[in-house]
Number of protein chains: 2
Amino acid sequence: MESIKDLVITLGKNARNSAKTLRYATTKQKNKALNNIAKQIDKNRTTILKANQQDLDHSKNNGLEEALLDRLMLDNARLDDIIESLKQIESMPDPIGEISDLKFRPSGIQVGKMRVALGVIGIIYESRPNVTIDASALCLKSGNSAILRGGSEAIRSNLALYDCVKQGLIDVGLDKNCVQLVATTNRTVVNELVKSSSYVDAIIPRGGKGLVAAISKNAQVPVIKHLHGICHTYIDKDADTQKAIDVAFNGKTRRYGVCNATETLLVHALAVERIMPELIAKFIAKGVELRGCEQTQKLSEQILVATDKDWDTEYLDAILSIRIVNSITDAIEHIEKHGSGHTESIVSENYSATRCFMREVESSSVMVNASTAFADGFEYGLGAEIGISTDKFHVRGPVGLEGLTSQKFIVLGDGHTRK
Amino acid sequence: MESIKDLVITLGKNARNSAKTLRYATTKQKNKALNNIAKQIDKNRTTILKANQQDLDHSKNNGLEEALLDRLMLDNARLDDIIESLKQIESMPDPIGEISDLKFRPSGIQVGKMRVALGVIGIIYESRPNVTIDASALCLKSGNSAILRGGSEAIRSNLALYDCVKQGLIDVGLDKNCVQLVATTNRTVVNELVKSSSYVDAIIPRGGKGLVAAISKNAQVPVIKHLHGICHTYIDKDADTQKAIDVAFNGKTRRYGVCNATETLLVHALAVERIMPELIAKFIAKGVELRGCEQTQKLSEQILVATDKDWDTEYLDAILSIRIVNSITDAIEHIEKHGSGHTESIVSENYSATRCFMREVESSSVMVNASTAFADGFEYGLGAEIGISTDKFHVRGPVGLEGLTSQKFIVLGDGHTRK
């Protein structure tokens, strides 16, 4: 126990020191490091895939379920994606040092804001090894020192990838501690890390609801939380028929296991007859299990009963719950009660309805006539994302480079004194 | 104990409900309410001052120290200031609903950000009754529901002021629970409040280091912290003599008891001979006690010894510690070790030195050739401030209306689906 505490203190001190050196790092140097890391990964494909195979074998023997094995798995195509993502982060503008809103004040001083790194960011994640690289790259580009703690099932893959990161940093003369990977799989590390407010400026958990809740509960460091995505599509009475069918169908079926998938469809009673028969047929043809409220069930014999539990469930599967509502107010109330603050979309041609929905729905992304599947850092133009924040504080929605920074005030004078 | 828990749950539920109604509140309605509150205060001066006199009498009998009595005291001039501050907040633009950066993406969707309220904000403060009004006004204008918990010594004054707030809200048809004042002085309320993450979105403590530290320790809700202000002025080797004297003298002597006062003066060794004799004489003539490092002491017999403790002390008094350093790097290192992340100023005509100082000093305000006394919401053009954040997360420096809001993504499509 004591040795874990010491370990975390060492990690923390290394991180603080490296964060200082990052303040001097030039954009060119950071980009070069990202480029180097990509090259290292390309060069060491065999080693990385071998380590990953060992993780996979080990996890299979331990009975890890198929979906998790798939997340853990690396192959050449996935390494290509990782390399591509590094190149994209390299090509993004450097957020650090950007000065904005510099304005003269009546006193004669000029006041503006400068974008700066948060400092040290701890990222706690589960089985996906690509997070090791994404998180390293995003933190590096945003001038933050990173402490990475991946899942124990991916430890060999993560260590192999981390070797590439380290080499990439060293080659451009950056402190290798700008990114540190926790090599031990002891769980106490996480508990200590989230309490280390003198060494860590923010924690980003990337994983299931359980992980995020456990971390938030113990954290004495600010947490950028992504709890879960119970996303809604609401078809308004004034929805365009084709748009409603396209947006709802794509929101549910584009991919099932993702947090931006529509889990519940709300339909205004006056739109049902016009839109639902075709939409329901489309879902059934695609093999989506439908669970509806009493009124919805009348529309097809194949619609199962939705219980109260359904409205609070993130299926992450080919299942959709459907509820017919009598007004936009009822739809917004349903979202307020059952949503997770992730993403909601309204389909409507009505000016006032769309305006009301945008203003009143308290989610990190609110959409009009667009599929919830668009809730994503790349689609929003942020480049890679380190997570999607369902918090209200600091940053909401997809978190890219800017979410990993903050702004300080700068004041320029000419010997000015205050009266 | 159980009844306090119930009380906080009731406060929380009332706040959540009123926050919902605030989403529908128009700018006009909010401004009208602020105007009404000002009128109510003007109309009820006698009642407010009588309640304040009772607080003062009670506190005197309890032996409250002079400085705190002064903070607690209200008179007609101070009521004028409170009314003036309400008018200023009324005249500020409404931040809520502001849409920015709305841009088309390659997919055809248009992505932007909309500024929204945080929701419910808890403000915990000590003896100054004006915070009751400032906090109410800033929260109202930024669309947040406020739960106020003032010091027990000011309870009668706060209740009298709160009556004006309530009346002002009711008169424009707003829910009176948009602002709630905790009437009990039981301290358990604070402990419960800072743990109520389902009802409260942010806590702002306004008070001494002890209060802030205690709240941060127990909080399960994000805290906008203002710890303390150990502000530095650094006179560089290339400082202009007159600017150095003006900026350093004003930073220390404009007001002593404020967080933006310069507490430590750092001077480059090569600037000492040119600047310090006149500056030291000025401080001594003004009655400022000087405590210096070994080298500084050689400059005048009236300079006392600065011990290690001095570098970490926020005097809030007519005392200044002085240290002579050999380089800008030494100055930045001193600030890093001893500063509180509040405000630091460099006096220099050297381009590279000023650029380096701005980039590397990690404080919420970094100044060039300007007095630290400028670190203030009004001076920065934010209008009234609810505090000065020395945190790195969410908001840094003076916190005005914008610091009480956050931004959600909005996505506008035309039936767009994601490939």
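**Exercise 1. Find which residue V411(A) stands opposite in β13(B).**

Solution. V411(A) stands opposite M367(B) in β13(B). Step back to the strands. β16(A) pairs with β13 of chain B, residues 365-370, in the parallel sense over five bridges. Strands pair if DSSP finds at least two bridges between them. Strands are DSSP runs of E with at least two residues, and helices are runs of H or I with at least four; both are numbered from the N terminus.

The model is predicted: local features need pLDDT of at least 70, side-chain atom pairs count only at pLDDT 80 or more, and totals for chains, interfaces and linings use all residues. Residues are numbered from 1 along each chain as its sequence is written, while chains are lettered from A and ligands numbered from 1 in the order in which they are written.

**Exercise 2. Describe the side of chain A that touches chain B.**

Solution. Start with the residue counts. The contact takes 54 residues from chain A and 54 residues from chain B. Two residues are in contact if their C-beta atoms, placed from the backbone, lie within 7 Å. Next, the elements. Those of chain A that each supply at least two residues include β2 (110-117), α10 (241-253) and β16 (405-416). β16(A) gives the most, with eleven residues.

**Exercise 3. Work out the order of the four-strand open sheet in chain B, and why one side of β5 and β6 is left without a neighbour.**

Solution. The order is β5-β4-β3-β6, with parallel pairing. β5 (179-181) and β6 (202-206) of chain B stand at the edges, each with a single partner strand, so one side of each has no neighbour in the sheet. The twist averages 20° from one strand to the next. Angles run from 0 to 180 degrees between N-to-C directions, with axes as lines fitted to C-alpha atoms. Now take one pair. β3 (residues 120-125) and β4 (residues 145-149) of chain B share five bridges in the parallel sense. There, G122(B) stands opposite I147(B) in β4(B).

**Exercise 4. State what share of chain A is buried.**

Solution. Of the 419 residues of chain A, 54% count as buried. A residue is buried if 20 or more other C-beta atoms lie within 10 Å of its own, exposed if 12 or fewer, and partly exposed in between, with C-beta atoms placed from the backbone. Chain A has 16 helices and 16 strands.
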